[in-house]
Amino acid sequence: MSRNCKAWIEALRLRTLPVSVAGVAGGVACALTYGSFRLLPMIVCLVFAVMAQIVSNFANEYYDFKHGLDRKGREGFRRGVTEGDITPKAMKRATYILLAITCAVGASLIIWGGWQLIFVGLLIAFFAIAYSAGPLPLSKIGMGDFAVIIFYGIVPVIFTCFLQTGNWENLSLTLPVGVALGLLADNVLIINNYRDMEDDTKVGKLTTVVIFGRKVMRFIYLLNSTLALAVIAIFFIISRNPLWIICWAVSEIFYIFVWLKLATLRGSALNGMLRLTALLMLAVCAAMITAAAT
């Protein structure tokens with residue numbers, strides 16, 4: 001495989017894509033508690049969510065390079081544009097072509113959800129780019145965590161469930177579940193920024209880890225997972241699945257394991273913890289679907 005091809009695959013950031021899958025899975029789990037499931041809109045939601053995350057990843061690579069926020073040899077996954085494997089022009093073109101395709105995929109959801117979903121899709125598309133672009137990129141001013149909680153937790157859970165059930169009467173369930181999954185998604189970002197703290201500090205990128213320090217954000221990682229799993233435990237209780245205690249306990253043990261590792265690991269050694277955190281979020285959602293469907 002050529003270096004250029006590998007660079008494009010790396011730019012997808014496959015290790016983090018379970019986060020967008022999990023958001024949709026959480027919405028499906030909520031819908032199943034109401035006895036609703038629609039395969040086709042679920043598939044479209046899934047494709048749209050993954051594509052939107054890839055757009056955000058591409059935009060992040062291009063605009064971080066453009067703004068001088070990336071340096072050659074930095075910690076973390078290889079950045080193709082910064083390292084010279086992908087030209088900035090090619091990455092920018094790929095970003096906006098994929099954005100257009102993503103919007104087209106998202107627009108098809110009006111078949112099930114009505115024309116008002118266009119505004120939701122436009123908002124998602126805007127923030128996918130605004131996370132890294134514009135005069136005040138969200139990732140540069142400590143607002144990335146809030147964006148992740150909203151667009152990888154609250155938004156996909158609420159709207160996926162709506163497209164499955166056809167009504168908004170389930171907000172009392174989908175909103176707390178969306179917040180919970182948003183907190184778990186934020187843990188992925190925390191590890192990413194935890195790893196990159198020195199590099200981000202040097203270029204003036206104010207992530208929450210740079211602002212508050214590793215010690216505080218390590219505590220936030222544990223707090224996020226504990227609060228999120230507490231909400232999800234309530235979901236399991238509602239679903240009346242007797243296995244919820246085991247699912248909760250195993251998940252909490254894994255999050256505590258990662259939290260302990262954060263105290264000793266630095267640099268690229270944290271990549272495994274980032275991948276594990278993303279997969280943990282997906283595993284939790286898989287357990288939710290199983291509980292709701294049985």
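Q: What does contact mean for a residue such as Asp85, and which residues does Asp85 touch?
A: Contact means heavy atoms within 4.5 Å. In this predicted model, Asp85 touches Arg3, Asn4, Ala7, Arg78 and Gly80, when residues up to four places away in sequence are not counted.

Q: Where does Asp85 lie, between α4 and α5 or elsewhere, and is Asp85 buried or exposed?
A: Asp85 is placed in the loop between α4 (80-83) and α5 (88-107). Buried means under 20% relative accessible area. Asp85 has 12% relative accessibility, so this residue counts as buried.

Q: How many residues separate Asp85 and Glu10 in sequence, and what is their distance in space?
A: Asp85 and Glu10 stand 75 residues apart in sequence, while their C-alpha atoms are 11 Å apart.

Q: Which residues make the contact of α3 with α7, and what are their classes?
A: From α3 come Phe48, Ala52, Val55, Ser56, Ala59 and Tyr63; from α7 come Ile124, Ala128 and Ile129. By class, this contact of α3 with α7 has 8 nonpolar residues, 1 polar residue and no charged residues.

Q: How many disulfides does a search of the whole structure find, and which cysteine sulfur is nearest to that of Cys45?
A: A disulfide needs a pair of cysteine sulfur atoms within 2.5 Å. The search of the whole structure finds 0 disulfides. Cys45 is in no disulfide, and the nearest cysteine sulfur, that of Cys161, is 11 Å away. Cys45 is buried, with a relative accessible area of 7%, whereas Cys5, at 34% relative accessibility, counts as partly exposed.

Conventions. Residues numbered from 1 in each chain as written. Predicted model: local features only at pLDDT ≥ 70, side-chain atom pairs only at ≥ 80, totals over all residues. Heavy atoms only, no water. Buried < 20%, exposed > 50% of the residue type's maximum accessible area, 1.4 Å probe, protein only. Helix = DSSP H or I, 4+ residues; strand = E, 2+ residues; numbered from the N terminus. Nonpolar A, V, L, I, M, F, W, Y, C, P; charged D, E, K, R; others polar.
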